[in-house]
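The following paragraphs lead the reader through one part of a protein structure. Please keep the sequence and the model in view while reading.

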Amino acid sequence: MLIQENVPLAPLTTFRVGGPARYFVQSASPEDVRSAVDLARSRNLPLFVLGGGSNLVVADSGWPGLVLRVAISGIEEHDEAGRVIFEAGAGEEWDKLVVFAVARNCAGIECMSGIPGSVGGTPVQNVGAYGQEASETIESVQVLDLQDGQIRELCKPACGFEYRTSIFNTTERGRYIILRVTYALTPDGEPRIEYADLKKYFAGRNGRPTLAETREAVRQIRASKAMLIVPGDEDCRSAGSFFKNPVLSGDQYQELTQRAAAMKLEVPSYPALEARRKVSAACKRLLSRRGRHLA
């Protein structure tokens, strides 16, 4: 295990800012990850686990302890009960897995094309975009349990997935380091064209688009919003999204739509977990402010 000192962290993030790590280890196997954790504990160093570097802003002063970059790679594929199972190392680039799946005509993650970061980050906040969420295809997550040093396999229900949350960023935050993620995709499946931007993109088209065409459409839509990392394009640098669209109960959604109708407005919304509705954060705030003014 190679231990480096004073390693710049800015090049390892999507924002490209920040100071160095006092100590830095890149671990390519679960055993290396466990060794790095043991090292940090033996030297009483604060530990920071680094994945793909998205949704991360590093201070100019850097990190005073040990930065552990999980670089476990590899994608394995096999068939199981009419599905195609993809097991990917936490250090794999997420979009590389999307390319891999789309090339094999397997549906389930095509709408999440172009999202920066690594595979290991997708279960943490239940990554999603353009009508799909990682939790819809995740079967299990292999983790290192920092409480006892054991490697465990957490099934989907154990991960506690909700809209942009899981146990990894809520109830068990800081307990697990993600090592591998297993996804179950649909062979020869159709792309999901439910999001408004995608419907608009393919409007007037005869026939349903392919998975590859859907992936390209998502990338073009993201690029038009400066949300696609393009080498050399300073405008696309981003620290990721730091807000969530509100998820409303049936009664809350009905109250909001009634308020919007009174103002001759329409609320864009999308299905969410447990028969709830996800609405635009900007739209909900606008209606709330107008409602106060009218009152």
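Helices (H or I, at least four residues) and strands (E, at least two) are DSSP runs, numbered from the N terminus. The model is a predicted one, in which local features need pLDDT of at least 70 and side-chain atom pairs count only at pLDDT 80 or more, while totals for chains, interfaces and linings use all residues. Residues are numbered from 1 along each chain as its sequence is written, and side-chain values use heavy atoms, with hydrogens and water left out.

Serine 113 lies in the loop that runs between β7 (106-107) and β8 (128-129). With a relative accessible area of 0%, serine 113 is buried (under 20% relative accessible area, with a 1.4 Å probe and protein chains only). A polar atom of its side chain is 2.7 Å from the backbone oxygen of glutamate 110. The side chain of serine 113 also makes a polar contact, at 3.3 Å, with the side chain of arginine 215; such a contact is a pair of N or O atoms within 3.5 Å, and within protein one must be able to donate a hydrogen and the other to accept it, residues adjacent in sequence counting only if both atoms are side-chain atoms. Beyond neighbours within four places in sequence, serine 113 is in contact (heavy atoms within 4.5 Å) with Asp95, Val98, Arg215, Val218, Arg219 and Arg222.

Attention now turns to two helices. In α2 (residues 94-103), Asp95, Val98, Val99 and Val102 meet Leu211, Ala212, Arg215 and Arg219 of α4.

Terms used: Buried < 20%, exposed > 50% of the residue type's maximum accessible area, 1.4 Å probe, protein only.
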